[in-house]
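Here are my notebook entries from an afternoon of looking things up.

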Amino acid sequence: MDTSLTLSARLALVPSVTYAQKRRATEAAGHVLPGDAEIAWELNRLNADGGVPLSRDDRGIRVYLRRHVCGLFPSARGDAWMLTFVAPLGLRDYKDLGRGVLRVRTAPGWIYCPTLPAVPSGCRNSDDELRRAWAARASGRSPAARPAHHDQFCDMLEAVIEAGQQLEEARQNAEAPIAYYAVESAGELRGTAAGVYVFRLHRRPSVRPGVLVALRDLDDLRGTVDRLDGDAMTVRFATTVDRARIPSRGELVVSSNQIVQKVQRAAVAALRSGEAANPRLLSVLVDQQDRSSPAPSRVVVPPTGLDTDQQRALDRALSSPDLMLLLGPPGTGKTTTIVEIARALVARGERVLISSQTNTAVDNALERMPPDIRSVRVGGEARISPRVSHLSVSALVTDVRKGILDQTAVPAADLSAWTATGVAVAWSERLSTEVAGIGTATAQRTAAIRDRDAALATVRDRHAARTSAAVDAVRRTREESRRLTDLLATTTASKDRAVERSHGVLGFYYRRRTRRLEDALGIVSDSVRAAALAHLAAQREFTAVEDMLDRAGRAEPAVRAALSAIAVAETSAAAAFGRAKEACEALYPLLAVCLSGVTLNSASVPGILAFHRNLTVWLPVLGRRAVLLDQWRCLLADPGDDLNHELVRYADVVGATCIGAGIARNLIADHTFDVAIIDEAAQIALPSTLVPLVRARRSVLVGDHHQLPPFVDEEVDEWLNRNAGREHEPGALRGLLTISAFERLYRGDRGRGAVALLQQRRMPKPVSDFVSRHFYDDSLLTRCERSPITALFTSCLALIDTSDLPPRERAEQRRHGSETWHSVGYENPAEARLIVDLVQWYAGLPDRNWAVIVPYRAQAAHLRLRLTSMLGDERQVVDSVGTVDAFQGGERDIVLYGFTRSNAEGNVGFLRELRRLNVAITRARHQLVLIGDFRTLRNSRDAGFAALAADLYRHAVDHGEVQSSRTTRARLRTLSGGPS
């Protein structure tokens, strides 16, 4: 159970010394983590939405974000919380969350500071207050006392659960035994599922997939109907069943499901103990606590295509703090509204549970959910529509596994080269060997060069005097030649200047100077030539000395040995370089597909050595990656339940029936959702509605209490008659059985707190106008245009009155024990014959679906038998013919409704429940055909029904078409050439 604590101080978040290192290690393992500032932002978002959830142990506290967990410990100064790690939520965290947390809210909020000195004044970690609050929570102190009437309400709910169980059993007991003539194992169809069997039936039963059945007189052999296919019914037993225990011929009977009662009782227990996700839920349900104050508003992108009512419903759903009611009459787009509400909630980071009594309603909503929203459908997969089967947990697991295996197939193949036995490892070892060879050869060459140089130095020492004299002569003659050359240049320049001035006033002087300089130039020129010859001679002597030293060096044994060693070393190095280059060029493409930015310069030894140095770092990393990826891929072959849990845990929208939301094997029994949207809430028993309600902080109930309630009056009256003298007041029990949570809350404030969808787009206008006037205070607006489908009728609303037939021919026939509680049912052969003829007409229309709705199970069975014989498609008949209850929430192009009752006394039985008619006639999209004895119906002993029937007849005269049964038959004969 969660508890709450409110603090007055601002809370600062500072990274610890080891935080960065732990964060890098987590990211290196492939996890995507939020940024440090993003952590503070998400903490503030949680702070504004009920508080930050945390748990505590000896090491500090763990703070739970939406998808991650953070470790914190208090700073020594008491002014901040040190952030030690951040990681994805794991199974341990989910278990901790399931056991309950402390929710901490602080008005100033959270801030992020990169260092402790940056923490502003006024911050404190409030560690002592947190310790005391956690200790108080762990001590299990009793919650505040509940008002007595709250406990009485919960007691009544326990009685309602028992009553509902008995009512459901009564419905099931009315099902005829299912006789089979053969049984076979479905192991060959379902892998190794030894608990799955196929029963061959004498006739197709009225039960649907998902119903529990048991072998007659063997109640422990119970299973769920997986599917129906012709005369084959596949049953999945709860445990492995010995084939020898199953008789080859026998009967199956519908069995009661104790799981429903168990789940409902758990929901009531959570409500009673205050463990519901919304702590105000009990007060809302019992005291009609004010629900008008807005929830925290968050920006969301507005959807397009909604009418004004739908937009108002969306706005209210986003702001309602506890529970919002959405009245959705037939055809007003409630599924569209549900989808848009869910989309908007997900867009602002909230997690949504979509639930309903029926699988169909859940599937309808999930089918229309945008593909960018992560949606998961949990529950028995045999009951999930094929339209959303791809959203089931097993399908998603298969897709995820296949996607991961497909995406990792190439990396796994690439990395396989880096395993212990991989080709890359072999090339790496070869490269290492050759690099070592290059190093050895290089060292040998260096040593041999040293030996050569030492031997040559010895030779030079022997001829040092001559060498030194030759070197000195070259230097001396070079210097003398340079000096004389410079002198020649200087003298020439002086002569040229003297020549230039020899024509002036002092010309005689410069002419004499010119002659002296010309004489000097001759002498210097001769000296320059002599110095050049001397330098040339010195150079020749030096060359001779060098040649002599070279010959002496080559003749020296030590030099010859050193040169030989150098040649051997260079040959070895070149060979090792070639082999290393080959290894590098083999390794490069193997590396390039695994690592980005890999470079190779194989034209030089430094390039190869650099590549090898990097390889020593890459090799163990790639090897570990290869092993981990291989282990991961092997684990995906049998991921167990972990992957299932993770897929559900990270889903934005989860779809489940109300009871399914509380069954452990559906993986969400311990989840808490931000919002639960419950469709068809007006027809769900209050204990079943509680199952999703206690799992959500806020809820949206979508329903229509003008249609059938969870249990109709006659069923409840029968049960109360059989259970007289119970400790609870019958009137209160009756109210909780027949009035849903939706209707209870709607009546509580007379609908003022509800949003109504009033623009319907399904029914033809003549039908919609009648429904609007009688059931919705004349408030429905029709937003669609319809025309008759065929020439059989001139209006979309057709009424066929069988009162033109003789009383004996049109009269009803009693069928004892055919209804719930084995009460009397009725069938009407005359009506049935007319309905069969009409179905034969409409069944020939392409791309049109039809339904036959009748009030009594006996009449439905009679029609199924005749229509199966005529159409030959038993599955279509079973899906298209049924009682009103079976079609609530559905729609068809053509609906034929037969009233069945025809008698002189005006007895209409449970037709007096007017909401049955509302359900029946609002299923039609294009054509509604009503068939009945309107003399009986308009003269009913029940005044309310008589008034309704009379007004329906007048409405059909004024806005539709009324025919006698004989006229209809004549038209059918005239048009027998085929539908127009």
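**Entry 1: around L643**

I began with L643, which touches V397, V400, R401 and L636, leaving aside residues up to four places away in sequence; contact here means heavy atoms within 4.5 Å. I am working on a predicted model, in which local features need pLDDT of at least 70, side-chain atom pairs count only at pLDDT 80 or more, and totals for chains, interfaces and linings use all residues. Residues are numbered from 1 along each chain as its sequence is written, and side-chain values use heavy atoms, with hydrogens and water left out.

L643 sits in helix α17 (residues 642–649); helices (H or I, at least four residues) and strands (E, at least two) are DSSP runs, numbered from the N terminus. Is L643 buried or exposed? At 18% relative accessibility L643 counts as buried, where buried means under 20% relative accessible area, exposed over 50%, and partly exposed in between (1.4 Å probe, protein chains only).

**Entry 2: helix α15**

Next I turned to α15 (residues 557–592), a helix of 36 residues. From its first C-alpha to its last, α15 reaches 52 Å, close to the 52 Å expected at 1.5 Å a residue; the expected span is 1.5 Å times one less than the number of residues. I listed buried residues of α15, among them V559, A562, I566, A569, A573, A576 and F577. An α-helix has 3.6 residues a turn, so residues three or four places apart point the same way. Which helices do the buried residues of α15 pack against? I found α12 (423–462), α14 (507–555) and α16 (605–636).

**Entry 3: a parallel sheet**

I then traced an open sheet of 6 strands, in the order β28-β27-β29-β30-β24-β31, with parallel pairing; two strands pair if DSSP finds at least two bridges between them. The edges are held by β28 (881–883) and β31 (961–964), each with a single partner strand, so one side of each is left without a neighbour in the sheet. From one strand to the next the twist averages 20°. For such angles, axes are lines fitted to C-alpha atoms, for helices over the stretch in contact, and the angles run from 0 to 180 degrees between N-to-C directions.

What is the bridge partner of V852 in β29? It is L896. Helix α30 (residues 943–959) packs on the sheet and touches β24 (797–801), β30 (924–932) and β31. The direction of α30 makes about 120° with that of β24.

**Entry 4: salt bridges**

How many salt bridges does a search of the whole structure find? I noted 54, a salt bridge being a side-chain nitrogen of Lys or Arg within 4 Å of a carboxyl oxygen of Asp or Glu.

In one of them E251 meets R216, with the closest N and O atoms 2.6 Å apart. E251 lies in strand β14 (residues 250–254) and R216 in the loop between β11 (212–215) and β12 (218–229), so the pair ties together parts that are 35 residues apart in sequence. E251 is partly exposed at 30%, and R216 is partly exposed at 38%.

I also found R761 and D307 in a salt bridge (2.4 Å, N to O). R761 is in the loop between β22 (759–760) and α22 (765–775), and D307 in the loop between α7 (281–287) and α8 (308–319), so this pair ties together parts that are 454 residues apart in sequence. R761 is partly exposed at 33%, whereas D307 is buried at 10%.

R698 and E350 form another salt bridge, at 2.8 Å between the closest N and O atoms. R698 is in strand β20 (residues 696–703) and E350 in the loop between α9 (334–347) and β16 (352–356), 348 residues apart. R698 is buried at 8%, and E350 is buried at 2%.

**Entry 5: cysteines**

My last search, for disulfides (cysteine sulfur atoms within 2.5 Å), found 0 in the whole structure. For C113 the nearest cysteine sulfur is that of C123, 6.2 Å away. C113 is buried, with a relative accessible area of 4%.
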